[in-house]
Amino acid sequence: MSKTTTDTPRVWMACLSCYNGGTMHGNWFGGDDTLEAEMAKLFEIKDGLAKCGGEEFVAHDFEGFGDYDLGEVSATQAAKVGAWIEEHGEVGLLALANFHGNFDDAEAAIGEYCGAFDSLAAYAEDFYEQTGDLKSMGDLVRFVDWEAVGREWEMGGDIWTIEKDGEVHIFGNV
């Protein structure tokens with residue numbers, strides 16, 4: 001399987017029986033809800049059977065799915081993941097990969113997304129600033145170890161993080 005930096009999800013769908021018989025009969029398709037309709041046209045699928053005689057199609061390659069390992073899945077599953085990425089973007093992809101494809105857990109995580117920060121310390125300081133607690137600390141604020149505050153929240157289970165491309169994505173625990 002190859003992973004590229006393509007933003008738009010695409011899958012290389014092939015007829016499984018053709019593949020097993022030694023022939024690669026397939027094509028690249030957009031990994032979204034139009035996938036099955038596009039496949040039906042190319043493979044001339046009628047009543048669940050392709051012109052080549054195959055009835056099962058799987059994704060043999062993919063790109064634009066980030067860190068999510070799509071693997072060899074059906075067109076329906078590929079379209080579901082592709083539509084998810086289109087709807088939720090990078091954050092949804094991070095959550096889906098973190099929860100190994102469990103859409104319910106990933107959806108809950110997206111609802112608790114706090115943002116991307118340079119560090120846990122930056123998040124902790126921003127949190128106190130947004131809540132107005134930073135002002136109430138007055139001059140004592142210069143003695144706060146923001147990295148320790150963020151680490152305590154993470155270790156205590158209040159938040160969890162995913163580090164990606166130099167950023168720390170923060171999620172509240174559900």
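Analyst: E63 is buried, with a relative accessible area of 13%, where buried means under 20% relative accessible area, exposed over 50% and partly exposed in between, computed with a 1.4 Å probe on protein chains only. This is a predicted model, in which local features need pLDDT of at least 70 and side-chain atom pairs count only at pLDDT 80 or more, whereas totals for chains, interfaces and linings use all residues. Residues are numbered from 1 along each chain as its sequence is written, and side-chain values use heavy atoms, with hydrogens and water left out.

The partner of E63 is R10, with which E63 forms a salt bridge whose closest N and O atoms are 2.6 Å apart; the term requires a side-chain nitrogen of Lys or Arg within 4 Å of a carboxyl oxygen of Asp or Glu. By this rule the count comes to one salt bridge. Side chains of opposite charge can pair when their charged atoms come close. The two residues lie 53 residues apart and link distant parts of the chain, R10 being in strand β1 (residues 10-15) and E63 in strand β3 (residues 57-63); strands are DSSP runs of E of at least two residues, and numbering starts from the N terminus.

The strand pairing places these residues face to face, since R10 stands opposite E63 in β3, and β1 and β3 pair in the antiparallel sense over six bridges, pairing being assigned if DSSP finds at least two bridges between two strands. R10 has 29% relative accessibility and therefore counts as partly exposed. Six of the seven residues of β3 are buried, so that strand is largely enclosed by the rest of the structure.

An open sheet of three strands has the order β4-β6-β5, with antiparallel pairing, and its edge strands, β4 (113-117) and β5 (159-164), each pair on one side only. Six bridges join β5 to β6, and W160 stands opposite F171 in β6.

Notes:
Helices (H or I, at least four residues) and strands (E, at least two) are DSSP runs, numbered from the N terminus.
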